[in-house]
Amino acid sequence: MRVSIVGSGYVGTTIAACFAELGHEVVNVDVDEDLVATINDGEAPIHEPGLEERIAAHAGGRLRATTDYDEVRETDVTFLALPTPSREDGSIDTSIMESGSESLGEALAGKDDHTVVVKSTVVPGTTEDVVEPALERGGFDGATLAMNPEFLRMGSAVEDFLDPDKVVFGARTEGDDTDGEAAYEVLREVYAPLLDEAPDAAVVETGLREAEMIKYANNAFLASKVSLVNDLGNVCKEFGVDAYEVADAIAHDDRISGRFLRSGVGWGGSCFPKDVAAITAAAKAEGYDPAMLEAAVEVNDGQPERLLSLLDDHVDVSGERVAVLGLSFKPGTDDIRGTRAIPVIDGLQERGADVVAYDPVAAEKMAEKRPDVAYADSARDALDGASGAVVVTDWDEFAALDDEFEAMAERVVVDGRRIVEPRDGLTYEGLTW
């Protein structure tokens, strides 16, 4: 099929490369000329395992990028993968989505029909109440609307797309049934090569609002699960109980499962914080206070300070060098959005510490946001002369640290991810165990 994707950010670039991998002819539309040039040069604009080689393999062939919206006219279906950032109150800002949809409407004006699929994370009602009117303002009123939420984890996005647990197709299920069935047919055809290779993936066909809500429910549930296991881990810490052994045991209950049961310094990234805030704000706007979601956020927000309070038990960090190991919100990505490293760094600086940080791939991005921090070229350099260290991201290389700790002035390590192995000569504290 001929597929166009509006937006070449994290989601847009990933799905563009993956659709090309599946054999579709893909054009990626974005207003950023530098991003367009990067993709056309066969390079990935973001750090994501498996993405660079796929862009390199297909750029100039099945995959190309452009700033010209008119090229969508020659495609069979358009996916909208545009940012919906959080406002101060947690609600989503749809201004970029509206602007992009209006530009898309201008490009499609005069066509009888075109399938427009919202890929961005949007609250229920946005596809019909925001995207469709914007398309019409641009001059196109023949859209067959669909919603296809993404479930991509940073650090494994390509794998998640190509080997999914589920794919969700949302379309109009009331009124004109023909319109809804037409949208399903297009999505089935787009995803057919993927589903042939991943026959165990569940295919969910539902309404537009249901599809929009599924993404929020998915992330809200996972965020709440992490906060619950962190709360339980905090209780375990008070009793001297190994929270990981407890989690391993309860994971054998098939109603619970072991995924997202690693207690630690908390969740971050672009999805959990934004999505929990957005659906909470949307619910409050409708007159309902989601107490469980608010509690999940409260527990999460408290984890960095708990980490630092454990360091306080062993070291007065005022005027001392403290190493922060890990800056990305999770391993496998250079994304620092929502990272727990920022509140940890803030807390250390409030205590008067001299912070030196290290991350395998995210230091450059963090330096742009926090130029007041010193950045080391290696974990060894960060630890050299430090009176304490905190582990924020569970990169595999931190598990291999050994004699690097001998260079510390005081060998105190507070591990927020249970990645460092305790050993003789090291004052080691786990966050929740």
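**Strand E4 and what follows**

Guide: Happy to! Keep in mind that this is a predicted model. E4, helix H4 (residues 95-108) and strand E5 (residues 114-118) together form a right-handed β-α-β unit. E4 itself covers residues 77-80 and is buried on both faces, with Val77 and Phe79 on one side and Thr78 and Leu80 on the other.

Now for the strand's partners. Strand E1 (residues 2-6) pairs with E4 in the parallel sense, over four bridges, and Ser4 has Thr78 as its bridge partner there. E4 also pairs with E5, again parallel and over four bridges; here Leu80 stands opposite Val118.

Next, follow the chain into the loop between E4 and H4, where you will find Thr84. Thr84 has a relative accessible area of 5%, so this residue counts as buried, the cut-off being under 20%. Its contacts beyond four places in sequence include Ile92, Met97, Ser120 and Lys274. The side chain of Thr84 also reaches the backbone oxygen of Thr121 at 2.9 Å.

Thr84 has a record attached, too: an unreviewed UniProt entry gives "binding site" at Asp30, Thr84, Thr121, Lys274 and Arg337. These positions span 308 residues in sequence and the farthest two C-alpha atoms are 22.8 Å apart, so they do not all gather at one spot. Still, the lining of the second largest pocket takes in Asp30, Thr84, Thr121, Lys274 and Arg337.

For a contrast with buried Thr84, look at Arg337, which is partly exposed at 43% relative accessibility. Arg337 sits in the loop between strand E9 (321-325) and helix H12 (341-350), and among the residues it touches are Met154, Gly268 and Phe329.

How values were computed: Residues are numbered from 1 along each chain as its sequence is written. This is a predicted model: local features need pLDDT of at least 70, side-chain atom pairs count only at pLDDT 80 or more; totals for chains, interfaces and linings use all residues. Side-chain values use heavy atoms; hydrogens and water are left out. Buried means under 20% relative accessible area, exposed over 50%, partly exposed in between (1.4 Å probe, protein chains only). Helices (H or I, at least four residues) and strands (E, at least two) are DSSP runs, numbered from the N terminus. Two strands pair if DSSP finds at least two bridges between them. A crossover is right-handed if, with the strands pointing away from the viewer, the path from the first strand over the helix to the second runs clockwise. UniProt positions are given in the numbering used here, feature names are shortened, and annotations may be inferred rather than shown by experiment. On a 1 Å grid over the protein atoms alone, a cavity is a set of points where a 1.4 Å probe fits but cannot get out, and a pocket is an open set with protein on both sides within 12 Å along at least five of seven lines; lining residues have an atom within 4 Å of a point. Contact means heavy atoms within 4.5 Å. A polar contact is a pair of N or O atoms within 3.5 Å; within protein, one must be able to donate a hydrogen and the other to accept it, and residues adjacent in sequence count only if both atoms are side-chain atoms.
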